[in-house]
Amino acid sequence: MLMLVGCAGMGGGDEATSYMTDSSLAVQPFPANYRADLLAFMRTYLNNPRGIRNAVIAEPVQRNIGGRTRYVACLRYTATDEGDRYDGSEDRAALFLDGRLDRLIPRAKELCGSVAYMPFPELEKLTR
């Protein structure tokens, strides 16, 4: 289920599609397994999950997304392209709903501009 949910992400614009847009929970629970959930998702999301560099993550914080309160964890990393060349740094915002990963948003500067990052060595150790 996690892969399907994550793939529901961005089309061409900045609005994201989610399979879990409404929640029965008025108060969102903290995503206790956010690191493990992100690692599992990134293993399938990245074309080449090996050789990630400069991986950092920020703990989830509550943000207003489309009029709803969601937990957002910010992620930054440098990955390789299909030719094993390093691209520039990537910023992503992981949105959580009901304590589970809902989707990953690219171009997350607005959501992640003021967060405090910490090293995320587990992402740098990913393999297929």
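**Aromatic cluster, nonpolar cores and backbone features**

Phe30 is partly exposed, its relative accessible area being 38%; with a 1.4 Å probe and protein chains only, buried denotes under 20% relative accessible area, exposed over 50%, and partly exposed the range in between. The structure is a predicted model, in which local features require pLDDT of at least 70 and side-chain atom pairs count only at pLDDT 80 or more, whereas totals for chains, interfaces and linings use all residues. Residues are numbered from 1 along each chain as its sequence is written, and side-chain values use heavy atoms, with hydrogens and water left out.

Three aromatic pairs were found in a search of the whole structure. One of these joins Phe30 and Tyr34, whose ring centres lie 6.1 Å apart with planes at 85°, so the arrangement is edge-to-face. Here, rings of Phe, Tyr and Trp (its six-membered ring) pair if their centres lie within 6.5 Å, and planes under 30 degrees apart are stacked, over 60 edge-to-face and the rest tilted. Tyr34, at 7% relative accessibility, is buried. Together with Tyr71, Phe30 and Tyr34 make up one aromatic cluster.

The largest nonpolar core comprises 21 residues, and those with the most contacts inside it are Leu38, Met42, Leu75, Tyr77, Phe96 and Leu123. At least two residues of this core come from each of α2 (34-45), β1, β3 (68-80), β4 (86-97) and β5. Another core, of eleven residues, lies apart from it and includes Ala58, Leu95, Ala108 and Leu111. A nonpolar core is a set of buried Ala, Val, Leu, Ile, Met, Phe, Trp, Tyr and Cys residues joined through side-chain atoms within 4.5 Å; helices (H or I, at least four residues) and strands (E, at least two) are DSSP runs numbered from the N terminus. Met42 touches Pro49, Leu75, Tyr77, Leu104, Leu123 and Leu126, residues up to four places away in sequence not being counted; contact means heavy atoms within 4.5 Å.

Thr78, located in strand β3, is buried at 9% relative accessibility. With residues up to four places away in sequence again left out, the contacts of Thr78 are Gly51, Ile52, Arg53, Asn54, Tyr86, Asp87, Gly88 and Ser89.

Most residues other than glycine have a negative phi. Asn54, however, has a positive phi near 55°; this residue belongs to strand β1 (residues 53-57) and is exposed, with a relative accessible area of 55%. Arg107, also not a glycine, has a positive phi of about 50°. Arg107 is placed in the loop between β5 (100-106) and α3 (109-112) and is exposed at a relative accessible area of 54%.
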